[in-house]
Amino acid sequence: MSLRGRTLAIRGSVECVEDVVIEGRIDGHIWNENHVVTVGADATVTGDIVARQITVRGAVEGTLMATGRVDITNEARVTGRILSQKLVLADGALFNGKAEPQHLDAALKVARHRRAESAAKAPA
């Protein structure tokens, strides 16, 4: 699945059940726990991302939680927390925040709980 187009703008959460490539701007959380999220070079995400693997080529401000790994490429700009057992930070990448692999399991439990609460409150 792709959310393509430099002029694409989404406000709100995005939930996926397959690998996704993001271009444009997303102001909200991305939930794709068992798949891959790729943030394109021209993309901006303001919100948390939960996925199996996260690759950032553009800009992200929020918490990145990956059960697999997080790749921050040389052109990427990331501000926030990274919770993953594996982190690849390329030479030239900009990262301002904390890497906290020891808190991944607890953070995932909290994120799943909040997601379930939001789903229960959503109108049918």
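Arginine 115 is partly exposed, at a relative accessible area of 35%, where buried means under 20%, exposed over 50%, and partly exposed anything in between (1.4 Å probe, protein chains only). This is a predicted model, and local features need pLDDT of at least 70, side-chain atom pairs count only at pLDDT 80 or more, while totals for chains, interfaces and linings use all residues. Residues are numbered from 1 along each chain as its sequence is written, and side-chain values use heavy atoms, with hydrogens and water left out.

Back to arginine 115: its side chain meets that of glutamate 15 in a salt bridge, at 2.7 Å from N to O. The two sit in distant parts of the chain, 100 residues apart, with glutamate 15 in strand β3 (residues 14-15) and arginine 115 in helix α1. Glutamate 15 is exposed, with a relative accessible area of 53%. For the record, a salt bridge here is a side-chain nitrogen of Lys or Arg within 4 Å of a carboxyl oxygen of Asp or Glu, and helices (H or I, at least four residues) and strands (E, at least two) are DSSP runs, numbered from the N terminus.

A search of the whole structure turns up five salt bridges. One of them pairs arginine 112 with glutamate 33, with the closest N and O atoms 2.2 Å apart. This pair, too, links distant parts of the chain: arginine 112 belongs to helix α1 and glutamate 33 to strand β6, 79 residues apart. Arginine 112 is partly exposed at 37%, whereas glutamate 33 is buried at 15%. Then there is aspartate 71 with arginine 69, whose closest N and O atoms are 3.0 Å apart. Here aspartate 71 is buried at 10% and arginine 69 partly exposed at 35%.

Now for the largest pocket. A pocket is an open set of points on a 1 Å grid over the protein atoms alone, where a 1.4 Å probe fits, with protein on both sides within 12 Å along at least five of seven lines; lining residues have an atom within 4 Å of a point. The largest pocket holds about 390 Å³ of space, counted as the space filled by probe spheres set on the points, which are joined across faces, edges and corners. Its lining has 16 residues, with His29, Trp31, Asp48, Ala111 and Arg114 nearest the centre. Helix α1 (104-121), β6 (30-39) and β9 (59-72) each supply at least two lining residues, and α1 gives the most, with six.
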